[in-house]
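Take a walk through this model, from annotated domains to a helix pair and then to charged side chains.

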Amino acid sequence: MSVRTISVVMNGVTGRMGYRQHLVRSVLAINEQGGVTLSDGDRVVLRPILVGRSEAKLADLAGKHGIADYTTDLDAALEQSDVYFDAQVTQARVKSVLKAIEAGKHVYAEKPTAETVQEAVALAEAAKAKGIKNGVVQDKLFLPGLLKLKRLIDGGFFGRILSVRGEFGYWVFEGDWQSAQRPSWNYRSADGGGIILDMFPHWHYVLENLFGEVESVYAKAVTHIPSRVDEQGRTYEATADDAAYGVFELKGGIIAQINSSWAVRVNRDELVEFQVDGTHGSAVAGLRNCRVQSRATTPKPVWNPDLPVTARFRDDWQEVPDNADFDNGFKTQWELFVRHVVEDAPFPYDFASGARGVRLAELGLRSSAEGRRIALEEQ
């Protein structure tokens with residue numbers, strides 16, 4: 001067994017997601033386990049090069065984790081690297097990713113890859129023309145709950161799938177009497193904020209990979225909370241949508257309904273849940289858990305508003321066992337991308353798939369503005 005090292009520029013790791021999920025729980029965790037194991041038994045370890053706008057923040061992170069290389073100079077970092085990773089705010093992504101592509105570096109990026117479908121397609125075309133490996137983060141496919149759901153689909157549990165209903169969200173405090181859990185730019189459209197641009201790319205790859213191609217969208221985007229308080233204690237107008245209610249028609253006749261909101265209080269087991277109903281069974285999957293009810297064990301409720309309900313409907317569902325060890329979803333996809341770069345292993349989550357997610361977001365916003373269902377072929 002031999003061990004090789006590849007250098008990875010990590011741009012945007014001073015942000016919460018870039019730091020926690022990509023640096024600490026993915027790249028550093030991969031190195032702690034001895035690297036990524038290739039098909040021939042060799043291993044690949046990653047040499048992170050931290051890039052950002054604040055040298056002080058980068059120095060603090062580097063010192064905390066024993067990382068030797070950090071800089072505010074992206075060009076200099078690219079000269080030393082094999083792979084470029086981008087976890088910046090969406091507005092800054094396209095320019096940096098194009099620079100990395102032009103430098104001939106393989107590129108892995110957070111979603112959405114761009115703010116517009118035109119820019120997202122341009123990234124995919126540039127990467128293809130340059131012949132570099134490219135990928136976009138699609139972490140929810142690797143959540144334990146959705147992996148169990150995929151197992152049920154592959155095993156034919158549902159029979160013919162009829163519908164998918166998703167609920168995502170939680171209450172994000174306005175920032176006055178309690179600090180907000182999300183950065184203020186999320187609620188300003190001029191800064192690339194909005195829940196449709198943030199979440200519809202997620203819903204696209206979940207629907208596309210598990211249930212079928214999205215053929216149309218009807219969406220209603222709403223700004224429920226009109227003003228918020230930023231990190232400096234200043235009140236600002238919330239111009240971006242903080243909730244979205246979407247209906248998606250999928251190839252094969254499946255109907256998906258997904259509500260996304262930062263203005264909802266959670267009355268469910270997990271922050272995101274998907275209920276899938278089929279002719280032979282149903283399932284409810286969250287981040288980690290998945291419950292099922294088969295055709296044979298489905299109860300027979302009778303509607304009678306004159307009598308109290310005594311049935312405990314949740315008791316009629318059964319937990320799906322793990323049957324496997326589930327690693328961090330971000331880390332799992334990092335390992336897949338490293339194998340894709342080093343030994344050309346399959347990696348379907350490319351910039352083209354990322355562009356399809358941005359297209360769904362763009363059409364969702366258009367659907368809301370025009371008040372109508374829009375077929376994706378209209379794009």
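The paragraphs below go from the record to the salt bridges.

This is a predicted model, where local features need pLDDT of at least 70, side-chain atom pairs count only at pLDDT 80 or more, and totals for chains, interfaces and linings use all residues. Residues are numbered from 1 along each chain as its sequence is written, and side-chain values use heavy atoms, without hydrogens or water.

UniProt, in an unreviewed entry, lists "domain: Gfo/Idh/MocA-like oxidoreductase N-terminal" at residues 50-132. That stretch is 53% helix and 16% strand. The entry also gives "domain: GFO/IDH/MocA-like oxidoreductase" at residues 147-283. Here the chain is 18% helix and 36% strand. Helices (H or I, at least four residues) and strands (E, at least two) are DSSP runs.

Helix α6 (residues 144-154) and helix α7 (residues 195-210) have axes that come within 11 Å and cross at roughly 25 degrees. They are therefore roughly parallel (angles under 35 degrees). Contact (heavy atoms within 4.5 Å) involves Leu146, Leu149, Lys150 and Ile153 of α6 and Val206, Asn209 and Leu210 of α7.

Lys150 also forms a salt bridge with Asp154, at 2.8 Å, N to O. The term means a side-chain nitrogen of Lys or Arg within 4 Å of a carboxyl oxygen of Asp or Glu. The two are four residues apart in α6, so about one helical turn separates them.

Asp198 and Arg182 form another salt bridge, at 2.9 Å. Asp198 lies in helix α7, and Arg182 in the loop between β8 (161-169) and α7. Asp198 is buried at 17% relative accessible area (buried means under 20%, with a 1.4 Å probe and protein chains only). Arg182 is buried too, at 14%.

Conventions:
UniProt positions renumbered as here; feature names shortened; annotations may be inferred. Axes fitted to C-alpha atoms, helices over the stretch in contact; angles between N-to-C directions. Parallel < 35°, antiparallel > 145°, perpendicular 65-115°, else oblique. Buried < 20%, exposed > 50% of the residue type's maximum accessible area, 1.4 Å probe, protein only.
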